[in-house]
Amino acid sequence: MDATALQEQWRRDGFVVIRNLLSAERAQHLASLCDGIAAQWRVCNPETDAPGAKNSADATCMRHLNHPSYFLGDETRGRVAMLETVAAPGVLALCETILGDRPSFRSTSLFMNPEETSHDGHWHRDAPLDSVPRAPTPTAEEEGTIEANVGGGGEPGGCVQLQIALVPSDDVELVRGSHLRWDTAEEWRIRL
């Protein structure tokens, strides 16, 4: 897909799907790293010095996979390999094309299944990351600020959330064009 078509799809739909951005070998190595990191996180999250969640909504996502504590004694194979994946030429070129500017790194996250239970998950709206500081459940005032920023027309925001599918899954559903408008009454009811 050429740059103009990619940018147009990003503006119109709020997302693009790029297949084979990473080699199969790199994706497999990344999956192996993430499995090891998640196992460590469940024993002790280095940010809280307590075990990561096992059986709740919090058990579906962990942040900062590049934290140095996950790679003690294995810095080169682990952390460097992960950051080299984040900064791979194809990844940077894609982000630069979409943003029209050189990207900056923000964080790494891993979305996963809880170990002990399963649930249908929940709907949420990814607001532009610079809209408002958000709590896990935004206040009515924060939602109003997000709503005012979302309906303004045409730009998905100055950031890219790059999701790499490490295992086959149909768990993520994107609502095409929803970045250009606020929730319908039904979406609002389901999300909250």
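## Close-up views of the predicted model

View 1. Setting aside neighbours within four places in sequence, Gln9 makes contact with Met1, Gly14, Phe15, Val16 and Val17. The model shown in this and the following views is predicted. Gln9 belongs to helix α1, which covers residues 3-13. Is Gln9 buried or exposed? Its relative accessible area is 15%, so Gln9 counts as buried, the cut-off for that class being under 20%.

View 2. With a relative accessible area of 22%, Gln7 is partly exposed. Which residues does Gln7 contact, leaving aside neighbours within four places in sequence? They are Thr97 and Ile98. The C-alpha atom of Gln7 is 8.1 Å from that of Leu99, although 92 residues separate the two along the chain.

**View 3. The largest nonpolar core.** This core is made up of 18 residues. Ile37, Met62, Leu65, Met82 and Leu110 have the most contacts inside it. At least two residues of this core come from each of three helices, namely α2 (24-43), α3 (76-86) and α4 (89-99). Helix α2 supplies six residues, the largest share of this core.

**View 4. Ile37 and its contacts.** Ile37 is among the residues with the most contacts inside the largest nonpolar core. Neighbours within four places in sequence aside, Ile37 touches Met62, Leu65, Tyr70, Phe71 and Met82. Of these contacts, Met62, Leu65 and Met82 are also listed among the core residues with the most contacts.

View 5. Apart from the largest core lies another one, of five residues. Its members include Trp10, Val16, Leu94 and Ile98.

**View 6. Packing of α2 against α3.** The axes of α2 and α3 are 10 Å apart, and the two helices pack at an angle of about 130°.

**View 7. Ala31 in helix α2.** Ala31 is a residue of helix α2. Its relative accessibility is 16%, so Ala31 counts as buried. How far is the C-alpha atom of Ala31 from that of Ile164? The separation is 9.7 Å, while the two residues are 133 residues apart along the chain.

**View 8. The whole protein, for orientation.** The secondary structure consists of six helices and two strands. Along the sequence these follow the pattern α-α-β-α-α-β-α-α. The protein has 192 residues, and 30% of them count as buried. Its accessible surface is about 12700 Å², with 51% belonging to carbon and sulfur atoms. Of the contacts between residues at least 6 apart in sequence, 66% join residues at least 24 apart.

Note on methods. Residues numbered from 1 in each chain as written. Predicted model: local features only at pLDDT ≥ 70, side-chain atom pairs only at ≥ 80, totals over all residues. Heavy atoms only, no water. Core = buried A, V, L, I, M, F, W, Y, C linked by side-chain atoms within 4.5 Å. Buried < 20%, exposed > 50% of the residue type's maximum accessible area, 1.4 Å probe, protein only. Helix = DSSP H or I, 4+ residues; strand = E, 2+ residues; numbered from the N terminus. Contact = heavy atoms within 4.5 Å. Areas by Shrake-Rupley, 256 points an atom, 1.4 Å probe, with all protein chains shown as cover. Axes fitted to C-alpha atoms, helices over the stretch in contact; angles between N-to-C directions.
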